[in-house]
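Reader: I'd like a close look at one part of this protein, and I'd rather have it in plain words. Here's what I have on my screen.
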Amino acid sequence: MTAIAHRDSPPLLQTVHVPEAILLDRDGTINVERADYVKTIDEFVLLAGALDALVALAMFAVPIVLITNQSAIGRGILTRGQIDGIHDHLCSLVRAAGGRIDAIYICPHRPDEGCSCRKPKPGLLQSAAAEMGFDLKQSIFVGDSITDYQAAQAAGCMPVLVRTGRQAPKVAQLAVDEPGVVLLDHLSAVVDWMNQRLAAGQTLFEMTSSAPPVD
Ligand SMILES: [Zn+2]
């Protein structure tokens, strides 16, 4: 009989890349998106599982940053103070559950104002990276819309899409058209995906290799 102890060889040790920052869209990613804007705390409804996902994300010792277009401010529908009130409410909910949101970056402009911060422009992501000191190329941005995907790409960070927003059919089509797009059901699935890849010693960033080859 052969009694050779056989152990599965561990994979070659390699650097496991926890992202330097986790950037999250708001409407359609952590709360229910409304066509008529979230105007009050009552209208701010967390998506199922989002709070647990935020708590799980807080286990990564990296900044968790919300990146959100809120043109309702520029349209005169909401004041900055009202938005801040909604976000204070959100942050207390998250804190009470054991999670955290470290910063919230908001574009208050209307699309016609041509600002550099409204997604799909990368301005908000770039400001967050500059002010908080993380590398966008080592960060992920989770969103529910094509503009989130484009903003992530423009900023050089890893886009991850979820199906929980009103653009679910569009992002599903994008995932068909562009192999390599990471599209998951919801924020909790993003946490699972991150944990699985990290447990397997895989970087989260190899799928961003859509950069043109150097020649
Ligand atoms: Zn803006």
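At what angle do helix 1 (residues 50-57) and helix 3 (residues 80-97) pack, and how far apart are their axes?

Author: One thing before the angles: this is a predicted model, so local features need pLDDT of at least 70 and side-chain atom pairs count only at pLDDT 80 or more, while totals for chains, interfaces and linings use all residues. Residues are numbered from 1 along each chain as its sequence is written.

Now to your pair. Helix 1 and helix 3 pack at about 65 degrees, and their axes are 9 Å apart. (Axes are lines fitted to C-alpha atoms, for helices over the stretch in contact, with angles running from 0 to 180 degrees between N-to-C directions; helices are DSSP runs of H or I with at least four residues, strands are E runs of at least two, and both are numbered from the N terminus.) That angle makes helix 1 roughly perpendicular to helix 3, a label for 65 to 115 degrees, with under 35 being roughly parallel, over 145 roughly antiparallel and the rest oblique.

Who does the touching? Helix 1 brings Leu51, Leu54 and Val55, and helix 3 brings Leu93, Val94 and Ala97, where contact means C-beta atoms, placed from the backbone, within 7 Å. Those residues come out as six nonpolar, no polar and no charged. (Ala, Val, Leu, Ile, Met, Phe, Trp, Tyr, Cys and Pro count as nonpolar, Asp, Glu, Lys and Arg as charged, and the others, Gly among them, as polar.)

Helix 1 has another partner, helix 7 (residues 187-199), at an angle of about 30 degrees with the axes 8 Å apart. Helix 1 and helix 7 are therefore roughly parallel, and their crossing is left-handed. Here Ala50, Asp52, Ala53, Ala56 and Leu57 of helix 1 meet Leu187, Ser188 and Val191 of helix 7. The tally for the contact with helix 7 is six nonpolar, one polar and one charged.

What about the core? The largest nonpolar core has 50 residues, and Leu23, Ile67, Leu125, Ile140, Phe141 and Cys157 touch the most other members. (A core is a set of buried Ala, Val, Leu, Ile, Met, Phe, Trp, Tyr and Cys residues joined through C-beta atoms within 7 Å; buried means 20 or more other C-beta atoms within 10 Å, exposed 12 or fewer, partly exposed in between, again with C-beta atoms placed from the backbone.) Helix 1 gives the largest share of this core, five residues. In soluble globular proteins, nonpolar side chains tend to be buried together. As for Phe141, leaving out residues up to four places away in sequence, its contacts include Leu23, Ile67, Leu125 and Cys157.

Tyr37 is partly exposed, with 17 other C-beta atoms within 10 Å.

For the setting, the chain has seven helices and six strands, running β-α-β-α-α-β-α-β-α-β-α-β-α along the sequence. Buried residues make up 35% of its 215 residues.

Note on methods: Contact = placed C-beta atoms within 7 Å. Left-handed = near helix turned anticlockwise from the far one by under 90°.
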